[in-house]
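Here is a short briefing on one protein chain. Look over the sequence and the structure before reading on.

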Amino acid sequence: MPDATDPAPDTNMAPSVNNPSSGSSPAPIILRSATPESEFNSLIFSRIFNRRRPDLSSFTIPWQHSRHPHAYCKPLTVSDVVACVDFARKKDKRIAIRSGGHSWACWSIRYDSILLDMIDFEGGVGSIRWEREMGEGVVSCGPAVTSGGLNEFLAEGGRMFPGGHCPDVGLGGFLLQGGMGWNCKTKNQDLFHAARGAGPAFPAVVTRFYMKTLSLLPMWQSLYFFDITKFKEVLEWLIKLSPTASPTLEIVLVSSFVPQSSPTPTLTAVFTSFAPSHTAALSALTPIHTSLPCPHSASPNHPSRFCEPTSLPEEYAAQLAGNAAPGFRTRSDNAYLSNDLSPAQVAAALDPAFSSLPTKQSTALWFSMNPTSRRARKGNMMLSMQSDHYFSVYAVWEEEKDDGVCDGWVRDVFARLEEQEGTLAGSYLGDADFQFRKAGGSFGGRGGVIREM
């Protein structure tokens, strides 16, 4: 346990590097041992969206069952970050970093660590700036800037960045985990080797990201609803069409209760095109529309769509509306499925998960990565593994009494898949929680590189 008498050192009072003459006070390092329990807990849980949180009800929990940080700091400047790292080195503590707080597993809350909450670093959204001297369309920002915040800034210049589908995802966690962003099967950001998928294992504090942005193209969308009993038929159709579909298309299949009053889940096939014109979008979406495998259903509140215009703000709003409200408990897990499986085998393997959601707020998702998943790996990047099929589940519930049921559903889904030899190829770190399942990661055997660093 931390020394209750351990004072904060003078090094945490470094002057601001942004304006050394301003006289503003540097960010303090707040020790758990010197702070009332409720006050400290409110700090370390700030912006954590998952109500399913580590048990910090007592300071006397044995260390192997506790994730109490040693201290908390909200750095405002690079000098503050340096001071925190110096303090951690002096006290032999680990550093944990919070960018957006969107981690399902609450990665930023680590035992005996110094928690750096980057929300206000260099002014938060105010840290975004164009880097004209580095090339056309290059932008930089701090790690806590969200995908939504960055794209709102970029839209004024006719640019966009394929960040997370959820607008409140911080770019620090998204980028360091090799994020599954908009039409990510066609995007490959050139980050440092160890940053390409290392996530919370990345052995440094990133204070600024430099990103190549894209032209902000119009977005067009087709949307089809199917009865859950048609799951195998619909998924096999999607798998077969993906290799030859337009590379401008993002192809996703979701199982959810639409509407939540529905007695059974509904399948939603979503095709989103980034195309310069309606004509180009029609060229990408018409082959889908004319090859539907079975009748699709719709309701006045959830109509099907064909090649209708949409936008990032609209999609962000829809994502937020579909997400669990604050205060819900969540657990996620995911897998890449082997390319050796036939479409029928993939559909049979995933059918139980898509058809048996444990609550009205829960979802299951299949994301087409083909054909980019078949490309040669670029160099030795850490995020080195993909397959044609990305699959994830998100159990969402309200009451603690339902933890066992929802945890059990996620556990059983992946236990069944693990029993089927040759089915799973690995996992994406961003939607995984290694506290529950020691899944094969996206490092492609390169996890030892991180440990050596």
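Leaving aside its neighbours within four places in sequence, which residues is Leu-350 in contact with? The residues are Phe-231, Leu-235, Leu-337, Trp-366, Phe-391 and Leu-417, where contact means heavy atoms within 4.5 Å. This is a predicted model: local features need pLDDT of at least 70, side-chain atom pairs count only at pLDDT 80 or more, and totals for chains, interfaces and linings use all residues. Residues are numbered from 1 along each chain as its sequence is written, and side-chain values use heavy atoms, with hydrogens and water left out.

**Overall layout**

- The chain's secondary structure comes to ten helices and 17 strands. Helices (H or I, at least four residues) and strands (E, at least two) are DSSP runs, numbered from the N terminus.
- The chain has 453 residues, and 53% of them count as buried. Buried means under 20% relative accessible area, exposed over 50%, and partly exposed in between (1.4 Å probe, protein chains only).
- Take the contacts between residues at least 6 apart in sequence: 74% of them join residues at least 24 apart.

**Nonpolar cores**

- The largest nonpolar core has 48 residues. Such a core is a set of buried Ala, Val, Leu, Ile, Met, Phe, Trp, Tyr and Cys residues joined through side-chain atoms within 4.5 Å.
- Leu-253, Phe-271, Leu-350 and Phe-391 have the most contacts inside the largest core.
- Helix H5 (residues 231-241) gives this core its largest share, seven residues.

- Ala-353 lies in helix H8 (residues 343-355). Ala-353 counts as buried because its relative accessible area is 2%.
- Beyond its neighbours within four places in sequence, Ala-353 is in contact with Ala-364, Phe-391, Val-393, Trp-409, Val-413 and Arg-416.
- Ala-353 and Val-410 are 57 residues apart along the chain, with 8.5 Å between their C-alpha atoms.
- The count comes to one cavity of 30 Å³ or more. On a 1 Å grid over the protein atoms alone, a cavity is a set of points where a 1.4 Å probe fits but cannot get out; lining residues have an atom within 4 Å of a point.
- The largest cavity has a volume of about 40 Å³. A volume is the space filled by probe spheres set on the points, with grid points joined across faces, edges and corners.
- Its lining is made by Ala-349, Leu-350, Pro-352, Ala-353, Phe-391, Val-413, Arg-416 and Leu-417.
- H8 gives the most to this lining, four residues. H8 and helix H9 (403-419) each supply at least two.

**Arg-208**

- Arg-208 sits in the loop between helix H4 (171-176) and strand E8 (209-212). Arg-208 counts as buried because its relative accessibility is 13%.
- Its side chain makes a polar contact with the side chain of Ser-140 at 2.7 Å. A polar contact is a pair of N or O atoms within 3.5 Å; within protein, one must be able to donate a hydrogen and the other to accept it, and residues adjacent in sequence count only if both atoms are side-chain atoms.
- The Arg-208 side chain also reaches the backbone oxygen of Ser-127 at 3.0 Å.
- Not counting residues up to four places away in sequence, Arg-208 touches Glu-122, Ser-127, Arg-129, Glu-131, Ser-140 and Cys-141.

**Cysteines**

- The whole structure holds zero disulfides, a disulfide being a pair of cysteine sulfur atoms within 2.5 Å.
- Cys-166 is buried at 13% relative accessibility. Cys-294 is buried at 9%.

Definitions and conventions:
1 Å grid on protein atoms, 1.4 Å probe; cavity = no way out; pocket = protein on both sides within 12 Å on 5 of 7 lines; lining within 4 Å.
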